[in-house]
Amino acid sequence: MDLLANLALGLDAALTPTNLFYCFAGVFLGTFVGVIPGIGPLAAISMLFPITFYLDPTAALIMLAGIYYGTTYGGSTASILLNIPGATSSAVTCLDGYPMAQQGRAGVALFMTTIASFVGGSIGIVVLSLFSPIIAEYALSFGPAEYFALMALGLVAASTITNASPAKGLSMVILGMLIATVGTDSQSGTARFTFGSMSVLDGFGISAMAMGLFGIGEILSSVGAKRSNKIDRESTRFRKMVPTRDDIRRSWIPGLRGSAIGSFFGALPGTGPSIASFMAYAVEKRASDTPERFGTGAIEGVVAPETANNAADQTAFIPTLTLGIPGSATMALMLGALMVHGIQPGPTLIVEQPSLFWGLVMSFWIGNLILLVLNLPLIGLWVRMLLVPYHYLYPAIVVFVCIGAYSVRANPADVIMVLGFGVLGYALRLGNLPAAPLLLGFVLGPLIETQFRRSMVLARGDFTAILERPMAGSVLALTAVLLIWTLVSAILRRRRRLAEATDA
Amino acid sequence: MLDRDYRDIVTGLALAGFGGAAALYSLANYSLGSVSRMGPGMVPTALGAALVVFGIVIAIPALSRRGSGVHVRFRVVLVLAASIISFSLMIDSVGLVPSVFVTTVIATFAERNVKLLGAVVLAATLSLITWAIFIAGLRLPLASFDWPF
Amino acid sequence: MKTIICAALGATLSMTAAWAQEDFPSKPVTIIVPYGTGGSTDTTARAIAIELEKIWEQPIVIQNQPGAGSMIGTTAMTQADPDGHTLLINTAAISTAPAIQGDLQYDPEEDVTPISLLVTSPYVLVGGANVQSTDFSGFLQEAQERPMFLGTAGPGSSSHFMSELLISAADLPADVIHFSGGGEAQTNLMGGHSDTYISTTASVMPYVNDGRVKALAVLAPERFALLPDIQSSGEAGISGVEIDGWVALFGPGGMDPALAEQINADFAKAMATDSMQEMLERNYAVAGDLSPSEFRTIYLRDMQTWQDLAEARGIGQ
């Protein structure tokens with residue numbers, strides 16, 4: 001079979017000592033950089049991009065890709081231990097990962113995310129190697145109307161991501177969307193709410209927002225407060241890190257669903273791992289018999305987003321390699337690394353550069369295996385970090401967050417923005433408002449606005465023309481059904497509660 | 001216990017106020033455009049208005065509900081703000097190591113149980129670690145020391 | 001007579017160059033790239049820097065300062081000393097920005113010294129899945145019959161300005177639609193969601209060669225030597241769209257003309273190396289051969305064109 005021959009060719013290319021070395025170097029660096037809050041894959045790859053001029057293109061790409069998916073492995077570590085997303089796509093992991101850590105189950109959470117990352121990554125690689133050309137063609141049929149419909153569905157599906165009242169959850173989604181309008185308007189070029197500042201012309205950085213809302217917000221509310229610390233030496237023992245039978249039973253279906261969702265969103269240019277992780281979490285919460293456990297340390301809430309973002313990391317290479325179209329800034333860097341060597345990605349890449357394409361695919365497998373072997377023993381080390389007294393730990397977190405925020409664009413104003421979002425995060429806690437929907441609105445808001453306005457231009461102002469497109473129309477219909485169902489079930493639940501109260 | 005849920009009342013009114021301000025500012029400054037080509041003001045105005053509605057929805061039931069008070073720790077907020085602001089002011093002019101040192105020392109004041117010696121030792125350790133990671137390791141284009149004189 | 005003046009001029013030039021050479025570059029040179037790492041401008045700058053390090057025997061630091069449509073990095077450059085140790089490599093965005101950004105924080109005439117046109121190529125009009133015609137004459141007719149959507153890489157981008165210029169020059173009943181960057185503009189072409197896109201050879205030719213989009217015209221009076229099969233806009237009787245895309249070198253305002261000449265000459269040497277020539281060939285582009293003052297004329301002319309167009313078509317309002 002062709003595929004086997006190709007895989008053998010790829011294995012051959014990936015297993016040369018040089019490529020193996022760069023694969024290891026990439027994932028090693030990636031997983032450590034991922035642990036540091038604020039230094040995401042983009043920053044890490046930007047720093048190392050210049051070396052690609054001096055490397056063979058396959059080696060260069062293998063290394064950069066290793067950093068990329070390695071950061072996603074590491075990104076969940078800080079989310080779980082400190083409630084600070086190491087990478088934006090790990091922000092959702094905070095929701096259940098951090099409560100697990102507070103219950104002394106940090107080891108289990110880290111163990112499961114490592115396995116989940118490996119499973120998600122592997123499924124993403126299978127999708128990448130089997131269906132790349134088909135998916136790439138299919139993704140082209142997604143125009144502004146389809147993206148708008150899909151994002152609207154996502155927003156409605158994920159609006160109940162936390163256990164707060166619907167009014168509070170929705171108000172946070174809207175606030176997030178409103179904050180996301182700051183900066184240059186994508187459709188008119190008008191600077192909105194910038195008040196003459198150049199630093200916010202490109203809007204607020206997503207990592208500044210995530211670090212501020214979760215990380216600094218968390219520090220502001222726990223410094224000086226009474227802390228119920230359940231982490232002791234006992235919980236760092238290896239025995240305490242092995243997931244229970246119950247954990248595994250609960251995890252495998254969410255893991256598969258998460259991988260599927262991640263593969264889908266990763267392959268669409270214009271969405272990516274962050275959206276994939278939100279969606280996977282939202283779907284699990286809806287599918288669960290016990291949605292109230294989410295947000296209090298449910299293992300599914302950790303597994304689903306982590307399989308999703310790792311699967312998305314892999315399938316994000318589909319549009320990049322088969323169409324030559326980068327779906328994100330990070331993918332644009334990968335493309336740049338190829339172009340430096342005069343290789344133009346496109347549908348002909350697989351045919352013309354088979355050893356590059358299949359070598360890369362096989363190196364992903366190897367990289368994911370290395371990450372698995374590398375990360376499992378590290379869990380013990382990371383968990384011990386929680387034994388550091390908090391009054392020494394929090395100044396360190398502040399310092400790392402500051403450097404992380406600054407390093408994105410070498411702009412001191414970004415550090416102040418993190419502080420601003422931190423104060424906002426603290427204010428939300430005081431007001432008992434959930435932060436996750438705000439981040440969701442911030443991520444999806446600009447996409448929805450931009451794609452909606454675009455599709456209205458293309459439809460010449462006729463909204464029914466959007467509904468007549470088969471894909472967009474059916475997704476929007478599904479969105480409407482879901483919205484009505486959400487509202488009706490909320491009202492019914494309230495009625496029932498009121499009825500019970502009067503009965504009693 | 002307070003006779004009303006002042007937390008939700010204040011929260012709701014704050015959201016409504018913020019939304020209202022954003023909607024009005026947007027309406028005054030950015031064009032709404034037409035249906036086929038919506039202007040930059042359309043979405044922020046709509047979102048601001050929606051936030052006003054949700055703010056009121058949050059605040060109204062809280063009027064007839066008992067609630068608990070909220071304790072704001074201004075000291076912590078101020079100290080950490082000072083620490084982070086000092087980093088942003090220093091990083092471009094004096095380099096990484098002094099910025100990290102000062103930021104750490106200020107940050108430790110947010111809790112009362114760290115002695116000055118402990119703070120200095122922590123700051124020195126962090127300076128060394130961040131230097132090793134970001135300058136020696138990742139080669140961030142940042143000066144370690146960059147005295148302006 | 002003419003030869004004598006030229007010779008004399010040449011002698012003075014080489015003398016000033018010789019004088020300038022003594023103290024430049026006296027330390028590492030920073031080249032600001034106002035875009036992210038890995039983009040086309042960044043990779044061009046890094047490739048030139050590798051060659052220039054050999055000529056200057058001084059390290060060259062590429063500093064990426066992306067943001068605000070290249071204006072963050074450009075503004076940073078204008079604030080440096082004009083001693084040649086801080087330079088900027090930017091695209092035509094430096095000439096379009098003043099037309100649309102109201103709160104520009106530098107004077108585009110006084111605070112910028114245009115030094116050297118490094119890479120230049122004509123803009124190419126490409127058509128997507130919905131466009132039937134295969135050349136420019138056919139396109140003009142098709143676009144009259146069916147109102148089209150000209151995709152851009154965003155409001156205020158050079159593809160936006162060029163699309164507006166084409167609409168007004170050819171009097172088309174068309175509309176622009178803004179995407180976020182060239183990549184998105186081209187996927188929407190391939191999927192048939194928008195109709196055309198205008199960009200430089202380097203960014204569209206890979207997809208033309210793939211057969212995913214069609215090259216309809218080079219926007220120039222005559223055919224482009226490196227792409228002889230593509231009809232030019234001039235041939236089809238359309239004028240007023242003959243503006244070339246470029247990547248160019250700038251310094252802070254008030255730079256000593258002799259120093260600018262010297263840097264211009266050194267960059268020309270770097271552009272003439274094999275590796276740079278190969279890169280140009282790959283991108284269907286040519287190296288510019290203008291003196292700083294000639295390039296200044298082009299820079300000011302383009303800026304004026306965009307300003308007039310922005311006013312006439314209500315761009316950026």
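**Entry 1: contacts between chains**

I count two residues as in contact if their C-beta atoms, placed from the backbone, lie within 7 Å. With that rule I looked up how chain C meets chain A: 35 residues of chain C and 40 residues of chain A take part. The model is predicted, and I note that local features need pLDDT of at least 70 and side-chain atom pairs count only at pLDDT 80 or more, while totals for chains, interfaces and linings use all residues. Residues are numbered from 1 along each chain as its sequence is written, and chains are lettered from A and ligands numbered from 1 in the order in which they are written.

I then asked which elements of chain C supply at least two residues each of the side that touches chain A. They are α2 (40-56), α3 (71-78), β6 (175-178), α7 (182-190) and α8 (201-210). Here helices (H or I, at least four residues) and strands (E, at least two) are DSSP runs, numbered from the N terminus. On this side of chain C, α7(C) gives the most, with six residues. By class, the side of chain C that touches chain A holds 11 nonpolar, 18 polar and six charged residues. For these classes, Ala, Val, Leu, Ile, Met, Phe, Trp, Tyr, Cys and Pro count as nonpolar, Asp, Glu, Lys and Arg as charged, and the others, Gly among them, as polar.

I next turned to chains A and B, where 45 residues of chain A are in contact with 52 residues of chain B. On the side of chain A that touches chain B, at least two residues come from each of α8 (166-180), α9 (206-222), α17 (390-409), α18 (412-430) and α19 (436-458). The most, 11 residues, come from α17(A). I find 29 nonpolar, 10 polar and six charged residues on this side of chain A.

**Entry 2: chain A**

I recorded 21 helices and two strands in chain A. Its C-alpha trace spans about 75 × 65 × 50 Å along its principal axes.

I examined one helix pair, α4 (residues 57-82) and α16 (residues 354-384) of chain A, whose axes come within 9 Å and cross at roughly 30 degrees. The helices α4(A) and α16(A) are therefore roughly parallel to each other (angles under 35 degrees count as such). Among the residues making the contact are A:Gly66 and A:Tyr69 of α4(A) and A:Gly359 and A:Phe364 of α16(A). This contact of α4(A) with α16(A) has 12 nonpolar, eight polar and no charged residues.

**Entry 3: chain B**

I found five helices and zero strands in chain B. A compact globule of 149 residues would have a radius of gyration near 15 Å, but chain B has 24 Å. The C-alpha trace of chain B spans about 55 × 50 × 25 Å along its principal axes.

In UniProt, an unreviewed entry places "domain: DUF1468" at residues 10-142 of chain B. That span is 74% helix and 0% strand, with its end C-alpha atoms 44 Å apart. UniProt (unreviewed entry) also lists "transmembrane region" at residues 12-30, 42-64, 76-96 and 116-138 of chain B. I note that such annotations may be inferred rather than shown by experiment. Residues 12-30 of chain B are 95% helix and 0% strand, with end C-alpha atoms 26 Å apart.

Definitions and conventions
Axes fitted to C-alpha atoms, helices over the stretch in contact; angles between N-to-C directions. Parallel < 35°, antiparallel > 145°, perpendicular 65-115°, else oblique. Rg over C-alpha atoms; globule rule 2.2 N^0.38 Å.
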